Each structure stands twice: as structure tokens, then as C-alpha cells.
Amino acid sequence: MNKKLNLRSLAAQAVEQVVEQGQSLSNVLPPLQQKVSDKDKALLQELCFGVLRTMSQMEWLINKLMSRPMTGKQRTVHYLIMVGFYQLLHTRIPAHAALAETVEGAVAIKRPQLKGLINGVLRQFQRQEETLLAEFAASDARFLHPAWLLKRLQKAWPANWEAIVEANNQRPPMWLRVNRVHHTRDGWLALLNEAGMNGFTHPDYPDAVRLESPAPVHALPGFDEGWVTVQDASAQGCVAFLQPENGEQILDLCAAPGGKTTHILEAAPQAQVLAVDVDQQRLSRVYDNLKRLGMKATVKQGDGRDPASWCGEQQFDRILLDAPCSATGVIRRHPDIKWLRRDRDIPELAQLQAEILDAVWLHLKSGGTLVYATCSVLPEENSQQIKAFLQRTADAILCETGTPEQPGQQNLPGAEEGDGFFYAKLIKK
């Protein structure tokens with residue numbers, strides 16, 4: 001089997017695992033990329049991300065062009081047709097090549113008898129493309145978001161929801177964090193220019209640089225030496241609010257994959273940092289990040305609702321709680337979130353966040369700082385969460401971030417901005 005022909009069927013299988021089995025694309029994609037040549041890895045990624053980003057459009061077209069949906073064992077073919085549509089609509093792959101290789105994908109998934117069907121649907125689309133796209137542009141599916149999420153965004157952000165949706169549907173910018181232990185931001189920017197690349201700074205986050213166009217990490221000056229880390233600008237805001245200092249005991253809770261742990265240590269190399277996450281597997285990434293940057297922290301697996309089980313009676317000067325959330329602020333980086341999340345998840349997540357917040361507050365020293373952060377844009381997980389916490393917690397004071405009526409700072413995703421992110425800085429009196 002020519003591996004190139006197999007690419008479309010691999011993409012179809014990956015999308016099927018995300019949508020039908022609820023698996024995360026970041027878990028599904030790497031093993032599939034191992035099966036293809038290096039130059040095909042990027043195309044496989046583009047097809048998977050692209051189909052998930054535009055899934056509402058692909059689904060809408062299939063409903064228009066097929067009298068009944070593919071079910072059961074034929075379901076992979078449903079996603080293979082989507083891969084065909086995506087190439088015809090959103091890539092520069094010549095139409096004849098996209099058609100031929102998508103049709104050939106049926107052989108790879110052992111459905112050779114359906115080659116004619118796939119070919120027929122894709123050719124029918126080509127003939128009716130203009131009419132179909134005009135009709136699609138007038139439908140609700142054009143927002144490329146599931147109905148429940150669209151409704152929540154419209155309710156939470158009546159003036160901004162269209163801009164949020166638009167940002168979610170774009171490819172994400174590539175943000176970096178300059179390691180201040182090695183270079184100033186401007187010093188490293190000069191090295192980037194020497195390497196023939198352009199970068200832009202962020203007005204609020206002193207270590208952040210946005211690349212003019214994304215680049216492979218090993219092409220970045222000093223990446224292997226730990227001079228720079230890939231991290232979204234908004235995620236860097238956590239440490240800007242935390243303001244860690246040398247000699248302090250600092251807890252980074254829900255720490256994996258370790259971007260914020262290492263940022264804390266860049267800002268305060270002599271701090272004693274405990275990085276905790278509930279997911280043992282994801283903790284391996286924390287170790288990798290610490291190792292690449294030559295840093296030391298204590299790393300433990302543990303549940304944020306039960307701090308005593310992993311830190312006993314220990315009290316911390318500062319706590320960063322990057323709470324588990326809907327991730328609705330990072331959809332442009334993880335388009336599978338739109339299809340993995342459900343409306344019912346939001347109240348469940350809000351409940352979990354409240355339990356962690358209450359439990360870990362008891363481990364903050366008097367006068368200490370806790371930064372609550374999420375990569376969500378939904379008020380139930382953000383401003384409403386903190387408002388309720390302040391009402392039930394007598395010794396908590398909101399600091400620098402919003403007002404008691406509208407607590408926290410909410411960043412919304414933007415083309416030249418960071419991801420959607422929320423922060424609330426709390427001091428224990």
C-alpha cells in the first residue's frame with residue numbers, strides 16, 4: 001500500500017476516533033503520524049485539524065448530498081468523504097489528486113466496494129459547489145460551532161461572540177516565552193532577526209514573543225539550550241499575576257505539561273516549587289520540560305480536592321491554580337474541543353473547580369497569593385466562580401483583577417493576541 005494514498009484514510013480514522021469515541025486528537029494523532037514519512041506528517045496533521053475545525057460545514061454538505069448517513073462499519077467512509085471535501089475547499093491540493101487519493105482511501109479501510117459512492121458524492125459537490133456554498137453561508141452551520149456552545153457564547157458575550165467564534169476558527173499564532181535567565185526579550189529578538197525570522201512583543205507580558213509565521217522549534221535560536229519555550233501569551237499572564245519570589249514555597253496545581261512550572265522558576269530560580277497534577281501520564285511532560293531547561297522542582301501526582309494526601313499540612317506563599325476547565329478559550333489550538341465537550345460538562349466542571357479552590361485555599365499562608373486561572377471564556381467557570389468563592393470565603397480579598405461585582409480579568413482570543421484566558425488574583429488576609 002502506497003503510504004501517501006493511505007493518508008486520507010488515516011485522517012478519517014483519527015477524526016472518527018475523536019467524534020465517535022470521544023478521544024483527544026493529541027492522543028490519537030501521534031501514533032498515526034509514526035506510520036507516515038516525515039514530509040507527510042504535516043499533511044496528516046493539517047487534514048485532521050482542518051476537518052475538525054470545519055466539521056459543521058463538512059457535516060452540512062454530507063446531509064445535502066447523501067440521502068442517508070453512513071452507519072455502523074461504514075462510518076469511517078463518512079469521515080473519509082469529509083476529508084475529501086476539506087481538501088477540495090480548504091487546501092491547495094489539486095482537485096484531481098484530492099479526489100483520486102480520497103477514493104483510494106476506501107481500499108485502505110477495506111471498503112473497496114464504496115469507491116464509486118465516494119467518487120460520486122465528491123464529484124456531485126464539485127458540480128454544485130457554488131450553489132451549495134451560497135446556501136451554507138446563510139445557515140447557522142456557518143459559525144462552525146456546535147449549537148449549545150454558540151448559545152452559551154451569545155449569552156455570555158452578546159457584543160463579542162462573533163469575534164470569539166471567528167478567532168476560534170482561525171489557525172493559532174505561535175507565541176514563545178523568552179527565558180529571562182539567559183536573555184532579555186529584546187536580546188533574544190535580535191538573535192531571532194539574525195536567524196532571518198520576525199517576532200512581535202506583547203504589551204502586557206514581558207517575556208512573550210509572537211512569531212510572524214510559525215516555525216519548527218529547532219530552528220529557533222537556542223531552543224535546545226532552553227533559551228525559549230513555546231507557550232501562548234495568555235498562559236504567560238499567570239506568572240505575571242503570581243509574581244513569584246526567590247526563597248518562597250510555591251505550589252503549581254494542575255501543572256502538566258509544565259509550562260507554568262518552568263515559567264515560575266525562570267522568574268524566581270531560587271523558589272521551592274511543588275508541581276502537582278492528577279494525570280500521571282501527563283506528568284512525564286513536566287519532567288521533560290524541567291530537564292530541557294535545566295531546572296529542579298518537586299513533582300507529584302495528586303488530586304487537587306485532597307491536598308493533605310500529597311502535601312500534608314504544608315502551607316505555601318503562593319499558589320497557582322490553573323483549574324480544569326472547558327478549554328473554550330483554546331479552541332483554535334484544539335478544534336476537537338468543540339466536539340468533545342458537552343453542555344452538561346460546564347456545571348460539572350464548575351463544581352469541580354469550586355471544590356479544588358476551597359480545598360487548596362486552606363494551604364495558603366496568611367498574606368499569601370493565589371492566582372486562579374482557566375483557559376475558558378465561560379462566566380460559570382470564571383467570574384461567577386470567583387464571585388461565589390469571595391462570598392463564602394471571609395479571608396479572601398480580590399487584588400488587581402476586576403471588582404467584587406465583576407471579578408477577574410478575561411482575555412478573549414484574537415488574531416494577534418493570546419488565547420482566551422481568565423485570571424483572578426486573591427490574597428489571604
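This is a predicted model: local features need pLDDT of at least 70, side-chain atom pairs count only at pLDDT 80 or more; totals for chains, interfaces and linings use all residues.

Q: What does Gln353 touch?

A: A contact means heavy atoms within 4.5 Å. Not counting residues up to four places away in sequence, Gln353 touches Ala323, Pro324, Cys325, Tyr372, Glu381 and Gln385.

Q: Which residues in α16 are buried?

A: Here's the general idea: an α-helix has 3.6 residues a turn, so residues three or four places apart point the same way. In α16 the buried ones include Asp345, Ile346, Leu349, Ala350 and Gln353. Also among them are Ala354, Ile356, Leu357, Ala359, Val360 and Trp361.

Q: How many residues of α5 are buried?

A: Helix α5 is mostly covered, with 15 of its 16 residues buried. Helix α5 (residues 75-90) reaches 23 Å from its first C-alpha to its last, close to the 22 Å expected.

Q: What about His90, and which residues is His90 in contact with?

A: His90 sits in helix α5 and is partly exposed, with a relative accessible area of 35%. Leaving aside neighbours within four places in sequence, His90 is in contact with Thr54, Gln57 and Met58. Look at the pair His90 and Thr54: they are 36 residues apart in sequence and 9.4 Å apart in space, C-alpha to C-alpha.

Q: Which residues does Leu265 contact?

A: Leu265 is in helix α12 and is buried, with a relative accessible area of 4%. Setting aside neighbours within four places in sequence, Leu265 is in contact with Ala271, Val273, Leu290, Met295, Lys296 and Ala297. Leu265 and Met295 are 30 residues apart in sequence, yet 7.4 Å apart in space, C-alpha to C-alpha.

Q: What joins Ala256 and Pro257?

A: A cis peptide bond, with omega about 5°. Pro257 lies in the loop between β5 (249-253) and α12 (259-267).

Q: And where is Lys110, and what is its phi?

A: Lys110 lies in the loop between α6 (95-108) and α7 (115-136). The phi of Lys110 is near 60°, a positive value in a residue other than glycine. Lys110 is exposed, with a relative accessible area of 66%. Gln243 also has a positive phi, about 50°, although it is not a glycine. Gln243 is in the loop between α11 (233-242) and β5, and at 38% relative accessibility Gln243 counts as partly exposed.

Q: Which residues line the second largest pocket?

A: On a 1 Å grid over the protein atoms alone, a pocket is an open set of points with protein on both sides within 12 Å along at least five of seven lines, and lining residues have an atom within 4 Å of a point. Here the lining is Val19, Met55, Ser56, Glu59, Tyr79, Ala141, His145, Pro146 and Trp339. Helix α4 (residues 55-65) gives the most, with three residues.

Q: How is the whole chain built?

A: The chain has 17 helices and 12 strands. The radius of gyration (taken over C-alpha atoms) is compared with the globule rule, 2.2 Å times the number of residues to the power 0.38. The chain's value is 23 Å, close to the 22 Å that the rule gives for 429 residues, so the chain is as compact as a globular protein of that length. Buried residues make up 55% of the 429 residues.

Terms used
Residues are numbered from 1 along each chain as its sequence is written. Side-chain values use heavy atoms; hydrogens and water are left out. Buried means under 20% relative accessible area, exposed over 50%, partly exposed in between (1.4 Å probe, protein chains only). Helices (H or I, at least four residues) and strands (E, at least two) are DSSP runs, numbered from the N terminus. On a 1 Å grid over the protein atoms alone, a cavity is a set of points where a 1.4 Å probe fits but cannot get out, and a pocket is an open set with protein on both sides within 12 Å along at least five of seven lines; lining residues have an atom within 4 Å of a point. The expected span of a helix is 1.5 Å times one less than its number of residues.
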